[in-house]
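Hi everyone, thanks for coming. Let me put the structure up, and then we can walk through its aromatic rings and its core together.

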Amino acid sequence: RNEALAAASPFAAPGTPKSELRIQNFGGSVGGPIVKDKTFFFVTYEGQKFTIGQAAYATEPTYAYQAAAKQLLTQFGVPVNPVAQNLLNTLWPSSLLTGPAAPNNYYATTPETGYSHNGLAKIDHSLNDANRLSFRWYIGQGSQTAPLSSFIPYYYQVGPMHVHNLAAILNSTLSPTITNQLLLGVNYFHQAFHDAYSG
């Protein structure tokens with residue numbers, strides 16, 4: 001996919017360029033005999049890369065909002081809390097705080113990005129006419145960086161992921177009316193989330 005073939009966001013101001021939208025899927029597979037009529041292999045790979053531009057409004061505590069709040073505090077004789085002021089000065093990049101003292105004062109455009117690489121390897125072996133053994137290994141690895149509860153790029157959530165799935169399967173024909181499948185396998189999934197900018 002490409003933004004050239006996509007519509008502009010209905011939430012964007014007129015004349016705003018389209019948000020970047022790039023999604024690429026690619027891969028392939030191959031298989032065949034190792035030992036004729038006895039042992040076979042199959043391997044496959046799929047990859048994905050994507051960039052999905054944001055086109056969303058958010059409300060941030062802009063300098064104009066802060067000035068209006070300080071004016072209101074002064075009007076009622078309430079001092080500015082230095083802890084709150086320090087948080088405002090630290091947690092928000094100054095480039096995000098230039099908008100008006102109004103809702104939806106920030107237009108988010110930092111894209112969501114990610115990739116994944118996935119592969120599968122499989123071997124099938126015929127022990128005899130009644131027993132067939134197969135072994136399968138799936139592996140996947142990727143990461144995604146996306147807004148979770150904030151459209152501020154600092155606080156985008158990064159989620160790297162690793163997946164493994166291994167299985168050994170024995171299919172047996174015990175009689176003309178009874179079959180049995182024995183499957184031994186293990187599954188591993190790991191995904192640890194963190195902020196895009198941990199500093």
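**Aromatic pairs and a nonpolar core**

Let's start with Tyr 45, which counts as partly exposed because its relative accessibility is 34%; buried means under 20% relative accessible area, exposed over 50%, and partly exposed in between, with a 1.4 Å probe and protein chains only. Before going on: this is a predicted model, where local features need pLDDT of at least 70 and side-chain atom pairs count only at pLDDT 80 or more, while totals for chains, interfaces and linings use all residues. Residues are numbered from 1 along each chain as its sequence is written, and side-chain values use heavy atoms, leaving out hydrogens and water.

How many aromatic pairs does the structure hold? There are four, where rings of Phe, Tyr and Trp (its six-membered ring) pair if their centres lie within 6.5 Å, and planes under 30 degrees apart count as stacked, over 60 as edge-to-face and the rest as tilted. One of them joins Phe 26 and Tyr 45, a tilted pair at 6.3 Å centre to centre with 40° between the planes. Phe 26, at 35% relative accessibility, is partly exposed too.

Next, Tyr 154 and Tyr 155 pair edge-to-face, at 6.2 Å and 70°. Ring pairs link these two and Tyr 197 into a cluster.

And which residues make up the largest nonpolar core? Those are Ala 58, Leu 96, Tyr 106, Ala 108 and Ile 152; such a core is a set of buried Ala, Val, Leu, Ile, Met, Phe, Trp, Tyr and Cys residues joined through side-chain atoms within 4.5 Å. Beyond neighbours within four places in sequence, Ile 152 is in contact (heavy atoms within 4.5 Å) with Glu 60, Trp 92, Pro 93 and Leu 96.
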